[in-house]
Amino acid sequence: MTNKPVVLIAEELSPATVEALGSDFEIRHCDGANRSELLSALAEADAVMIRSATQLNGEAIAAGTRLKVIARAGVGLDNVDIKAATAAGVMVVNAPTSNVISAAELTVAHILGIARNVAPADASMKQGEWKRSSFTGVELYEKKIGIIGLGRIGGLVAERLKAFGTEIIAYDPFVTSSRAASLGAKLVELDELISEADFITIHMPRTPETVGMINAKSFKKMKNSAFVVNVARGGLIDEADLDAALRSGEIAGAAIDVFVKEPAENVPFIELPNVITTPHLGASTAEAQEKAGISVAKSVRLALSGDLVPDAVNVAGGAIDKDVRPGVPLAENLGRILTAMTQGEAMTRIEVKVVGEIADKDIWALKLSALKGVFTDIVSDKVSYVNAPVLAEQRGIDVDLATSSETEYFRNETILSATLNSGNTISVAGTVTGPKHIQKITNVTGYDLEIPITDHLLILEYKDKPGMIAAMSTVLGTSSINIAGMQVSRRDDKSAAVAVYALDSAPNAEVVESVKQIVAADRAASVDLSE
């Protein structure tokens with residue numbers, strides 16, 4: 001028997017991972033793919049470390065009655081039921097930065113591979129053929145590379161391809177022109193990128209807005225000599241439209257590492273000679289796997305010792321002051337609301353201001369949580385407390401933290417403000433009230449309010465006149481969207497107002513646009529905090 005915490009390793013991890021755990025734990029092993037063996041082993045585990053083969057659903061989490069942390073040695077968390085883990089008080093951690101270099105390098109490899117016909121030439125040689133004239137390629141030198149999504153991986157791709165003497169153009173509504181310039185890239189609109197680039201590589205998160213963002217209309221705008229690459233997320237490029245474009249000669253070729261359904265089945269363009277496909281190899285390097293293992297081993301050590309876990313994806317861990325802790329999820333939600341209010345415009349500066357009784361305490365966690373919220377809905381990687389500041393730095397966003405013990409209406413208040421690329425400033429403030437720690441919005445860009453934060457919010461800023469509330473509410477009602485609550489705040493001169501609706505369900509883009517148009521709103525932000 002041992003009094004040491006038990007760390008269960010359910011899949012093969014590198015020796016360096018076990019070494020990083022150290023001698024403070026009892027290490028046990030099981031086959032995570034063997035369900036009965038896994039469930040039995042989880043019963044005595046304080047932590048479990050997995051990769052992609054082990055399914056930790058509600059049943060498995062319930063079996064781990066001592067479980068404190070689930071550590072995924074990789075980026076994706078599709079095999080972990082995060083909601084069930086959160087409900088059970090189990091922290092979930094991953095390694096969000098472990099594969100960025102590997103993914104960027106695979107992107108460059110794919111671009112070079114389709115430019116020089118490496119895969120079909122190799123296949124031909126293996127068949128005993130010598131067909132030099134059949135595999136004439138193109139140089140990258142002086143070609144125009146279009147990068148859709150200039151985040152961490154997109155930025156690494158830009159830096160590497162610049163060395164080939166290429167011209168880099170990029171589309172990313174959340175990156176400033178100065179940040180793009182530092183990477184040697186020029187920001188352009190998406191249509192311009194699609195029509196001008198010789199090679200197009202996409203590095204966007206998979207969201208309802210980005211699924212199928214490269215489609216039949218896009219291919220018709222591309223050069224016949226253009227190549228497309230996707231090493232990011234399956235479905236960003238419409239697979240059926242890509243197949244049609246390749247077969248009709250609308251584009252010259254493609255390199256695809258990720259698919260809508262994996263393992264990929266019945267994907268017709270895989271058979272085409274001008275296509276390179278790989279089975280989701282973005283993170284499949286020895287270095288990436290070792291980085292992932294060591295990263296989560298360190299997180300397990302922190303979690304089991306009660307310290308801050310930077311890569312926690314579902315809870316704020318660590319030594320946070322008990323009076324500050326209720327404000328951590330509030331700050332994250334305010335960050336997501338602030339991002340929605342930007343309406344896609346890039347931010348150049350963010351200020352996190354904390355006022356009230358907690359202002360003299362250590363409030364670093366509120367700043368990190370706010371930044372985590374700001375980037376949660378606009379980047380493809382899981383955002384954590386450790387990488388949120390890096391994401392801000394990569395985008396050229398200055399971040400300030402301010403405090404004041406003076407507050408007019410509330411014991412404590414967290415205020416987030418952002419300076420946009422246009423020079424305009426937006427802000428949102430909130431507080432936590434009562435023993436149940438109810439989160440409330442208290443101000444939107446200078447308009448005082450007090451309304452609970454719910455899963456679905458609609459925020460509108462408009463010129464006030466009679467009939468506006470009825471008009472907005474009618475559009476929501478006729479769209480079968482129930483209004484759980486609302487508040488309106490006006491300027492002192494009654495010229496303009498802000499309305500905040502708490503809704504039972506999320507309005508789609510058409511409904512939001514309809515509400516915006518009917519009152520000629522200057523700003524309309526729909527916020528979905530349900531996930």
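**Exercise 1. Identify the residues through which α5 and α7 meet, and describe the geometry of their packing.**

*Solution.* Step 1: in this predicted model, V100, I101, A103, A104, E105, T107, V108 and I111 of α5 are in contact (heavy atoms within 4.5 Å) with R152, I153, L156, V157, R160 and L161 of α7. Helices here are DSSP runs of H or I with at least four residues, strands are runs of E with at least two, and both are numbered from the N terminus.

Step 2: sorted by class, this contact comprises 10 nonpolar, one polar and three charged residues. Ala, Val, Leu, Ile, Met, Phe, Trp, Tyr, Cys and Pro count as nonpolar, Asp, Glu, Lys and Arg as charged, and the others, Gly among them, as polar.

Step 3: α5 (residues 100–115) and α7 (residues 152–162) pack with axes 9 Å apart, at an angle of about 50°. Axes are lines fitted to C-alpha atoms, for helices over the stretch in contact, and angles run from 0 to 180 degrees between N-to-C directions. The angle therefore makes α5 oblique to α7, since under 35 degrees counts as roughly parallel, over 145 as roughly antiparallel, 65 to 115 as roughly perpendicular and the rest as oblique.

Residues are numbered from 1 along each chain as its sequence is written. Local features need pLDDT of at least 70, side-chain atom pairs count only at pLDDT 80 or more, totals for chains, interfaces and linings use all residues, and side-chain values use heavy atoms, without hydrogens and water.

**Exercise 2. Locate the backbone exceptions at E142, Q343 and P263.**

*Solution.* Step 1: most residues other than glycine have a negative phi, and most peptide bonds are trans.

Step 2: E142 has a positive phi, near 65°, and lies in the loop between α6 (118–126) and β6 (144–148). Its relative accessibility is 60%, so E142 counts as exposed; the cut-offs are under 20% relative accessible area for buried, over 50% for exposed and in between for partly exposed (1.4 Å probe, protein chains only).

Step 3: Q343 also has a positive phi, near 55°, in the loop between α13 (327–341) and β13 (347–356). With 38% relative accessibility, Q343 counts as partly exposed.

Step 4: E262 and P263 are joined by a cis peptide bond, with omega about 0°. P263 belongs to the loop between β11 (253–256) and β12 (275–277).

**Exercise 3. State how many helices and strands the protein has, and what share of its residues is buried.**

*Solution.* Step 1: there are 17 helices and 22 strands.

Step 2: of the 531 residues, 50% count as buried.
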